[in-house]
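Let's take a walk through a protein model together, one stop after another. Have a look at the picture below, and keep it at hand while you read.

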Amino acid sequence: MIKRISFLSIIFILVALGSYGADVVTPSLNITLPATNNPTTVAESIKLLIILTVLALAPSILIMMTSFTRIIIVLAILRQALGTQQMPPNQILIGIALFLTLFIMSPQIKTIYQTAYLPLQKNQITLEEAYKNATEPLKAFMLKQTRQKDLALFLRIAKKPNPKNPADLTMDIVIPAFIISELKTAFEMGFIIYIPFLIIDMVVSSILMSMGMMMLPPIMISLPFKLLIFVLADGWNLVVMSLFKSFAR
């Protein structure tokens with residue numbers, strides 16, 4: 001009897017909700033953006049479109065045009081050299097790389113904010129001038145970290161003549177050359193970091209083989225020693241300092 005009453009109560013509630021929902025009218029929402037009659041002033045709709053586009057491309061801009069690529073690769077190789085599997089986890093490594101990138105790129109970010117964003121927000125410059133002012137600090141940073149042979153490679157691929165001044169290069173040449181240079185530099189730094197830990201693994205493996213303990217995985221013995229040496233040598237300080245010095249060129 002109790003089950004029947006509960007079942008009927010649920011049916012009545014559903015029917016009541018359905019009849020109530022049938023009378024509900026969804027309100028309409030209209031968004032209008034004001035236009036401008038001044039040709040030198042960018043319309044609010046265009047500004048909104050630009051902001052949404054920048055937000056959509058922000059991950060690519062962060063990875064490809066800043067120091068993020070080199071930092072995250074070096075940190076990932078360091079974790080692999082330590083043999084700690086997923087410690088620190090990917091979220092921690094990405095967070096460290098992100099904040100180090102913000103610290104390294106702070107002069108460029110400040111310059112872009114003062115010379116491009118604020119004047120555009122106050123309608124003191126046009127959109128083309130804001131783009132030029134925003135790309136110049138990034139281009140100067142990328143050219144400082146890019147090898148000449150990488151720039152020459154993409155100039156040959158694009159069949160463009162060599163410019164008299166590297167600052168005259170366009171972004172479609174500078175960005176891919178910068179990415180290749182960053183990958184090479186990151187792997188070079190990762191190789192140097194990997195060598196000491198590889199030596200520890202080789203020493204531990206040789207000792208275990210000489211003791212006849214061939215069935216014992218060397219990583220179980222070498223991991224504590226690698227962590228101990230890394231902590232005693234203040235490894236995080238050395239790695240971060242090396243990363244900062246690699247960008248101070």
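Our walk begins with a salt bridge between Arg147 and Glu188, whose closest N and O atoms are 3.5 Å apart. Arg147 sits in the loop between H6 and helix H7 (148–158), while Glu188 belongs to helix H8, so this pair ties together parts that are 41 residues apart in sequence. Keep in mind that you are looking at a predicted model. Are the two partners buried, exposed or something in between? Arg147 is partly exposed, with a relative accessible area of 23%, and Glu188 is partly exposed too, at 39%.

Side chains of opposite charge can pair when their charged atoms come close. How many salt bridges does a search of the whole structure find? The answer is three. One of them joins Arg70 and Glu182, with 2.5 Å between the closest N and O atoms. Because Arg70 lies in helix H3 and Glu182 in helix H8, this pair ties together parts that are 112 residues apart in sequence. Arg70 is buried, with a relative accessible area of 0%, and Glu182 is buried as well, also with a value of 0%.

Another salt bridge brings together the side chains of Asp172 and Lys160, at 3.4 Å from N to O. Asp172 is in helix H8 and Lys160 is in the loop between H7 and H8, twelve residues apart. Asp172 counts as partly exposed at 48% relative accessibility, and Lys160 counts as partly exposed at 35%.

Two packed helices are described by the angle between their axes and the distance between the axes. For helix H6 (residues 127–145) and helix H8 (residues 171–210), the angle is about 35° and the axes are 10 Å apart. The crossing of H6 and H8 is left-handed. On the H6 side, the contact is made by Tyr131, Thr135, Lys139, Phe141, Met142, Leu143 and Gln145, and on the H8 side by Met171, Val174, Ile175, Phe178, Ser181 and Glu182. What classes of residue does this contact have? There are eight nonpolar, three polar and two charged residues.

Some of these residues lead us to Thr66, which is found in the loop between helix H2 (44–64) and helix H3 (68–82). Is Thr66 buried or exposed? Thr66 is buried, because its relative accessible area is 9% and buried means under 20%. Leaving aside neighbours within four places in sequence, Thr66 is in contact with Ile61, Thr101, Met105, Phe141, Phe178 and Glu182. You have already met Phe141 of H6, along with Phe178 and Glu182 of H8, in the contact between those two helices.

Two loop residues deserve a look for their backbone angles. Lys159, in the loop between H7 and H8, has a phi near 55°, a positive value in a residue other than glycine. Lys159 is exposed, with a relative accessible area of 76%. Asp234 also has a positive phi, about 55°, although it is not a glycine. Its place is in the loop between helix H9 (218–232) and helix H10 (235–247), and Asp234 counts as partly exposed at 41% relative accessibility.

Finally, how confident is the prediction? The mean pLDDT of the chain is 76, and 79% of its residues reach 70 or more. Over residues 2–8, pLDDT stays under 50, and the model has zero contacts there beyond four places in sequence. Residues 10–24 also have a pLDDT below 50, and beyond near neighbours in sequence this stretch has zero contacts in the model. Where pLDDT is low, the predicted coordinates should not be read in detail.

Terms used
Residues numbered from 1 in each chain as written. Predicted model: local features only at pLDDT ≥ 70, side-chain atom pairs only at ≥ 80, totals over all residues. Heavy atoms only, no water. Axes fitted to C-alpha atoms, helices over the stretch in contact; angles between N-to-C directions. Helix = DSSP H or I, 4+ residues; strand = E, 2+ residues; numbered from the N terminus. Left-handed = near helix turned anticlockwise from the far one by under 90°. Contact = heavy atoms within 4.5 Å. Nonpolar A, V, L, I, M, F, W, Y, C, P; charged D, E, K, R; others polar. Buried < 20%, exposed > 50% of the residue type's maximum accessible area, 1.4 Å probe, protein only. pLDDT = per-residue confidence, 0-100. Salt bridge = Lys/Arg side-chain N within 4 Å of Asp/Glu carboxyl O.
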